[in-house]
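Biologist: I have a chain on screen and some questions about its fold. Please show it, then take me through it.

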Amino acid sequence: MKLMNTLQPKPLKSSDWVMQDLQRKIAEGLLLPGDRLPSVVDLALQYQVGRSTIREALSSLKAMGMLDVRQGSGTFVREQPIEHLHPAQLHPESWISRAKSIRHLLEVRRVLETGCVTLAATHRTEQDLALLSNILEEMATKLDDEIFGEQADVQFHESIAKATHNPMLANLMSSLSQQIHETMKDTRTLWFYAERSTAERLLREHREIYKAIAESDGIRAQQLMEQHIAKVERVLDPG
């Protein structure tokens, strides 16, 4: 008996697909203002599409103000206005499942961290405050370092749990550490999207939480942590 071939042909890559991929690279900083794009021929080989498809994609990006085509010199990335894209725009193919995982983790963090920050405001020591302050100072000196920012963000929240001096809470937070690290990039991107703001504003929000802990104001610390997590939850679904 002859087996039927059930494999479906791969869909052709359209100019929209190429345009969205180039747009993503610009948004994520993989292509920077002033960078010269490869030639149409090279892009066609890279994306495995026809030259006309590349020309259509570049034309669309030029119309959107993202590219500058200089006759005789090439195509360059233009300086972009600050625009905070929703992660769903950057990762449309995987966002539904990612958003579900992030929502579940944020629900756990909301319950755990609002309790932790309240206890930290009561039980923190000068050593705890020094550690939190050092993390914030490091954040301030490396605002443009995205990878460091994500790591420091996680460390800040873990240190609050340790400042409760309740080993069970610290262990619970530590057990979530890997999952928090995995979703921190999306979490921070969502925060920027919600606030239409920058790393400086996010640092100020962390400093406000620190100040409430330093002043032993558990109620204020809890409110700030609740707001911090809730604004990310509100924009999980785009639109």
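Modeller: First, a term: helices (H or I, at least four residues) and strands (E, at least two) are DSSP runs, numbered from the N terminus. This is a predicted model, where local features need pLDDT of at least 70, side-chain atom pairs count only at pLDDT 80 or more, and totals for chains, interfaces and linings use all residues. Residues are numbered from 1 along each chain as its sequence is written, and side-chain values use heavy atoms, with hydrogens and water left out.

Biologist: How many helices and strands does the protein chain have?

Modeller: Read the elements from the N terminus: α-α-α-β-β-α-α-α-α-α-α-α-α. The count is eleven helices and two strands.

Biologist: Is the protein chain compact or spread out?

Modeller: Compare the radius of gyration, taken over C-alpha atoms, with the globule rule, 2.2 Å times the number of residues to the power 0.38. The rule gives 18 Å for 239 residues. The C-alpha trace spans about 65 × 60 × 25 Å along its principal axes.

Biologist: How do strand 1 and strand 2 pair?

Modeller: Two strands pair if DSSP finds at least two bridges between them. Strand 1 covers residues 67-70 and strand 2 covers residues 74-77. Arg 70 has Gly 74 as its bridge partner. With four bridges, the sense is antiparallel.

Biologist: Which residue in the hairpin of strand 1 and strand 2 takes a positive phi?

Modeller: Three residues lie between the strands. The phi in question is near 85°. The residue is Gly 72.

Biologist: Are helix 5 and helix 10 parallel or oblique to each other?

Modeller: Axes are lines fitted to C-alpha atoms, for helices over the stretch in contact, and angles run from 0 to 180 degrees between N-to-C directions. Angles under 35 degrees count as roughly parallel, over 145 as roughly antiparallel, 65 to 115 as roughly perpendicular and the rest as oblique. The axes of helix 5 (residues 95-123) and helix 10 (residues 199-214) come within 7 Å and cross at roughly 45°. The two helices are therefore oblique.

Biologist: Which residues make the contact of helix 5 with helix 10?

Modeller: Contact means heavy atoms within 4.5 Å. The residues divide into six nonpolar, no polar and no charged. Helix 5 gives Val 117, Ala 120 and Ala 121; helix 10 gives Ile 209, Ala 212 and Ile 213.

Biologist: Is Leu 37 buried or exposed?

Modeller: Buried means under 20% relative accessible area, exposed over 50%, partly exposed in between (1.4 Å probe, protein chains only). Leu 37 sits in the loop between helix 1 and helix 2. Not counting residues up to four places away in sequence, Leu 37 touches Leu 31, Leu 43, Leu 58, Leu 67, Thr 75 and Val 77. Its relative accessible area is 7%, so Leu 37 is buried.

Biologist: Where is His 165?

Modeller: His 165 has a positive phi of about 60°, although it is not a glycine. Its relative accessible area is 48%, so His 165 counts as partly exposed. Its place is the loop between helix 7 (146-162) and helix 8 (167-175).

Notes. Ala, Val, Leu, Ile, Met, Phe, Trp, Tyr, Cys and Pro count as nonpolar, Asp, Glu, Lys and Arg as charged, and the others, Gly among them, as polar.
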